[in-house]
Amino acid sequence: MRKQYLPKDSLPALYEALRKRGYKIIAPHVHDGAIVFSEQHSPDTLPWGWQEETEPGRYQLQHTERDNKSENPARAFAWNNGPQGIKPWLFKPKQEMWRAEETENGLRFRQPDYAAEPIAFIGARACDLAALNLQDKHFIQGHYPDPFYSAQRQQLLLVAVNCQRSASTCFCTSTGDGPEALFGYDLLLDELDEGFLIEAKSEVGDEILVELALELPLELPLDACEQSLLEQAEQQLQQAAQQQRKMPSDSELRLLQNKLDDQRWHEIAEKCLACGNCTLVCPTCFCSKQESNSEKLGEVSLASVQTFHPEQSDNNDVASQVRVWDSCFSEQHSHIAGKNIRPEISQRYRQWLLHKLLMWQEQFGRSGCVGCGRCISWCPVGIDLVEEANLLLRSELDQAVEQATGERP
C-alpha cells in the first residue's frame, strides 16, 4: 500500500483505532530527563519538540522547537532513541518461570498464569526492528523457543517511525540497519511539519489504515502535495544517513578472532566499571540468570512477581523460579562449576565485544550490533564500542587498505 497522509490533528484517530482493536498503547514520553516508553492514552504525551544530545557517556534532552504551527512546529519523533528499545516488553526484566507449592501429597509444580496482552508499540526505529529480528532468532527460532517471549510477540503491533536525523552516537548506516525502516513493522510513519506520511506492511496495518481513511476528512492533501511530501521524507532520511561513526563491516569484524591477546583489552579495563549498563540498554543482549523465591505467603510479599496469584494457592508454602536480566559483565555470570572463568574486567569486556561483533555471526548470520549507539551514550565512563572495534582492528584494516591500493595509510 502506498504512503498516505495523516494530518497531525488526526493522530488521535490512530490511537482510537488501536484502542478499538483492544491494544494497550505503549508510546514514548519524557520522564526523568529521558525519553522512555510506557502505557499512554493520548498523543498529547508524546515528546513534542524534544530532542536528545548525545556523546560518549552523555545523554541530555533539550526542547528545541516551539509548538507553533506557522513556524518550526514541534514534532513528536525528532529524537532518535532513549535508553529503551522494544526488548523490555518481550524479554522482560523479571519473568516467573515456574512455581512449586507444598501440599499434603508433596510438591506440586505449576506453570505461571501468564497471559500475553495485545500491545501496540509506537515509535520503534529501524535499529530497534533489526534488534527485534535478532531477538526473534534467539527466543523463537532456536532449539528451545521461549514461551513467554513467543506469546507476547504474537500480540505485538509495531508502529515504526523513520528517523529524521541521527544522534552523534548513531551508526546504523554502517551496520545496514537504518535509518529507514524496511521490514518488521505493521505501520510506518514519516513525520513532517504538519502531519505524517503513513503506510502499512501487514494485514492488520492495512485494515487500520482503511479505518483511518474512513475517519479522516475528504480534503486530504495527498493528491496535490504527494510528490512534495515524499521528497521531504526522502530528504529527512538522507540527512539522517549522514553519520560520523562507522562500524567495521561483518567481514572485517571477523578479524577480531586474531585479537584475543591484544593489549587493548587491558587498556579498556582500566576505564570500564563492569556496571553492565551497556548490556542493559542494548536492544539485542539477552543474558539472564534465575533466582529462587521461597517465601511464606502473608509474611513476605511476592507482588514483584507479576504473574503470582496467592488466591490460587492451596497453602502457604510456595517457591517460584524467576528469570531476571543479567550481564556478562558481572562476576557472578561468569561463575561456572565453582570457578570464575573470567575474573578480570578485561576478560569480561572481551567476552561481550567478541560475542556481539564476532560470534553472533556464527550464531545468527550477522553481527549482534544494530548501530543504535545506546551503549556509547549510557556508558558512565564514555567507552565507545565503535572506537574500540576500530582500534582493535586498526592494523588489519590498514593492511587491507595497503593491499587494495598499494599505499600505506
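**View 1. Arg-21 and Glu-207 form a salt bridge in this predicted model.** The N-to-O distance is 3.0 Å. Arg-21 sits in the loop between α1 (11–20) and β2 (24–31), and Glu-207 sits in helix α5 (residues 203–215), so the pair ties together parts 186 residues apart in sequence. Arg-21 is partly exposed, at 31% relative accessible area. Glu-207 is also partly exposed, at 32%.

**View 2. Asp-128 meets Arg-374 in a salt bridge.** Their N and O atoms lie 3.0 Å apart. Asp-128 belongs to helix α2 (residues 126–139) and Arg-374 to helix α11 (residues 374–377). The two are 246 residues apart, and the pair links distant parts of the chain. Both Asp-128 and Arg-374 are buried.

**View 3. Glu-388 pairs with Arg-264.** The closest N and O atoms of this salt bridge are 2.8 Å apart. Helix α12 (residues 385–392) holds Glu-388 and helix α8 (residues 264–269) holds Arg-264, so the bridge ties together parts 124 residues apart in sequence. Glu-388 and Arg-264 are both buried. Elsewhere, shared partners join Lys-3, Asp-190 and Glu-199 into one salt-bridge network.

**View 4. The largest cavity holds about 140 Å³ of space.** Its lining has 17 residues. Closest to the centre are Cys-272, Cys-278, Tyr-349, Cys-379 and Ile-383. Helices α9 (277–281) and α10 (345–364) each give the lining at least two residues. By class, 15 lining residues are nonpolar, two are polar and none is charged.

View 5. Over residues 297–312 the pLDDT is below 50. Where pLDDT is low, predicted coordinates should not be read in detail.

Terms used
Residues numbered from 1 in each chain as written. Predicted model: local features only at pLDDT ≥ 70, side-chain atom pairs only at ≥ 80, totals over all residues. Heavy atoms only, no water. pLDDT = per-residue confidence, 0-100. Contact = heavy atoms within 4.5 Å. 1 Å grid on protein atoms, 1.4 Å probe; cavity = no way out; pocket = protein on both sides within 12 Å on 5 of 7 lines; lining within 4 Å. Points joined across faces, edges and corners; volume = space filled by probe spheres on them. Helix = DSSP H or I, 4+ residues; strand = E, 2+ residues; numbered from the N terminus. Nonpolar A, V, L, I, M, F, W, Y, C, P; charged D, E, K, R; others polar. Salt bridge = Lys/Arg side-chain N within 4 Å of Asp/Glu carboxyl O. Buried < 20%, exposed > 50% of the residue type's maximum accessible area, 1.4 Å probe, protein only.
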